[in-house]
Amino acid sequence: MPSYALRVIRKQPMRSAMTIGGISLSILLILFLFSIYRGVSRGSIEYIAGTKADLWVLQTHSTNILRSMSIMPESYTHPVRKVPGVRQISRMLFLLATISHEQRMIDHMRDSNSVSVYLAGYDRKTGLGAPSKMVEGRLPATDGEIVLDEALARRLKFQIGEYAQINDSLFRVVGICSGTNMFVIQYAFTSLTSVQALTAVPGLISAMIIQTDPSARIDSVKAGISTALPGEVAVFDQATFLANNRKEMNSGIVPLLYTNAIIGAVVLIAVLTLILVIMILERRRDLAVMKALGAPPGYLGRIVFQLAITIASLSCVVALALILPLLTAINTVSPEITGELWPSDAVFTCLVALAMGSVSAFIAVRRLRTIYPLEVFTASNH
């Protein structure tokens, strides 16, 4: 690192520490938002990606299961089973419900420690639609058993063998799964018939997960299903359905990510520009001396740029040192908040920070134009 920049930083240790700390917080904010985005992205999509489906069948006009409602009669499965190339069908019912510990209060009031859950009922005979990553326990073997997402289980302090109350029904917790945390809500898995029993209308499903014969063409099977139920269903292959859900997930969090990242970048530029301008004003006479001694064109500007890059680099180091402990601490307090720091995100954020440092230096360098070599003699006369 440039020795002059380090001398300037060491000469004002308190100010330098506060400056690096403030800029580090801006970088830390951006890193944190990237990490939360990666965690939400994985949790929202990993369940769908891990499902061994060739085709997804939903109600017409529905495109995803994250923010789209799909309700169909279970009888729709009969014509689909007759479509050539269909090997296996799993009926799914997704339902928003309220989950809490088994109520033991005499007055039967609602447990205050209850949260919403995205309840997924799947066909136990096929196993399609079950969570793909089990952390503890097993999948439901009978009706009335349930598997909870690990963040939900930690949040509500559920243990294997305890009973969860969903709406007015009790479910025995037999397993804990991962990769099913959608940040604002978590999945829970039980049998299709158990979820159907929670609804007032029997025989409802939300989707059909289909596996095709190895020799069958996906496009042909897809066209056959659309022909069997004309205008009633929407059929998606696994790649398209995954992309649809990822698009829905991004539409909710990416604007927030960009907004906060821009705010962090603006704060970084403002703080660093202010510090650089103060440095120029405090060392005005030294800079005037350099001009009087014939400093080459651009020499003083390079000093300012070196100082800006040095401060930005040190701030990146501090932010990178803090991000993982921060994510761990937040996840301990709020298990539903899961962040993942990707090396590519860390590199990109640091490059942006260095670019913002260069912008700050460019703005501050304009103050050098007001410094004249004759100021040296004026100052000496006083």
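**Notebook: a walk through the predicted model**

I began with Glu145, and leaving aside neighbours within four places in sequence, I found Glu145 in contact with Arg138, Pro140, Phe171, Arg172, Val174, Phe189 and Thr190. For contact I used heavy atoms within 4.5 Å. Residues are numbered from 1 along each chain as its sequence is written, and side-chain values use heavy atoms, with hydrogens and water left out.

**Entry 1: Glu145, continued**

I placed Glu145 in strand β6, residues 145-149. My helices (H or I, at least four residues) and strands (E, at least two) are DSSP runs, numbered from the N terminus. Is Glu145 buried or exposed? Its relative accessibility is 10%, so I wrote it down as buried. My classes are buried under 20% relative accessible area, exposed over 50%, and partly exposed in between, with a 1.4 Å probe and protein chains only. I also looked at the side chain of Glu145 and found one of its polar atoms 3.4 Å from the backbone nitrogen of Thr142.

**Entry 2: Arg91**

Next I turned to Arg91, which sits in strand β3 (residues 86-101). Arg91 has 18% relative accessibility and therefore counts as buried. Which side chain does the side chain of Arg91 make a polar contact with? I found Asp123, at 3.3 Å. A polar contact here is a pair of N or O atoms within 3.5 Å; within protein, one must be able to donate a hydrogen and the other to accept it, and residues adjacent in sequence count only if both atoms are side-chain atoms. Leaving aside neighbours within four places in sequence, the contacts of Arg91 include Glu74, Thr77, Tyr122, Leu192 and Ile205.

**Entry 3: two positive phi values**

I then checked two loop residues. Lys157 has phi near 60°, a positive value in a residue other than glycine. Lys157 belongs to the loop between α4 (150-156) and β7 (163-166), and its 64% relative accessibility makes it exposed. Asn167 is not a glycine either, yet its phi is positive, about 55°. I found Asn167 in the loop between β7 and β8 (169-177). With a relative accessible area of 26%, Asn167 is partly exposed.

**Entry 4: the helices**

I looked up α2 (residues 13-50): its 38 residues reach 52 Å from first C-alpha to last, close to the 56 Å expected at 1.5 Å a residue. The expected span is 1.5 Å times one less than the number of residues. Where does α2 bend? I found a bend of about 30° at Ser44. I take the bend at a residue as the angle between axes fitted to the seven residues ending there and the seven starting there.

α9 has a kink of about 30° at Ile323, shortly before the proline Pro325. I also picked out Ala321 in α9, which is exposed at a relative accessible area of 52%. Ala321 and Leu28 are 293 residues apart along the chain, with their C-alpha atoms separated by 9.6 Å.

For α10 (residues 343-365), the 23 residues should span 33 Å, and the end C-alpha atoms agree at 33 Å. Among the buried residues of α10 I noted Ala346, Thr349, Cys350, Ala353, Met356, Gly357 and Ser360. A handy reminder: an α-helix has 3.6 residues a turn, so residues three or four places apart point the same way.

**Entry 5: Leu287**

Leu287 lies in helix α8 (residues 284-292) and is buried at 4% relative accessibility. Leaving aside neighbours within four places in sequence, Leu287 touches Ile280, Leu300, Leu368 and Ile371. The C-alpha atoms of Leu287 and Leu300 are 7.3 Å apart, across 13 residues of chain.

**Entry 6: the whole protein**

Along the principal axes, the C-alpha atoms fill a box of roughly 100 × 55 × 30 Å. Buried residues make up 47% of the 382.

Terms used:
This is a predicted model: local features need pLDDT of at least 70, side-chain atom pairs count only at pLDDT 80 or more; totals for chains, interfaces and linings use all residues.
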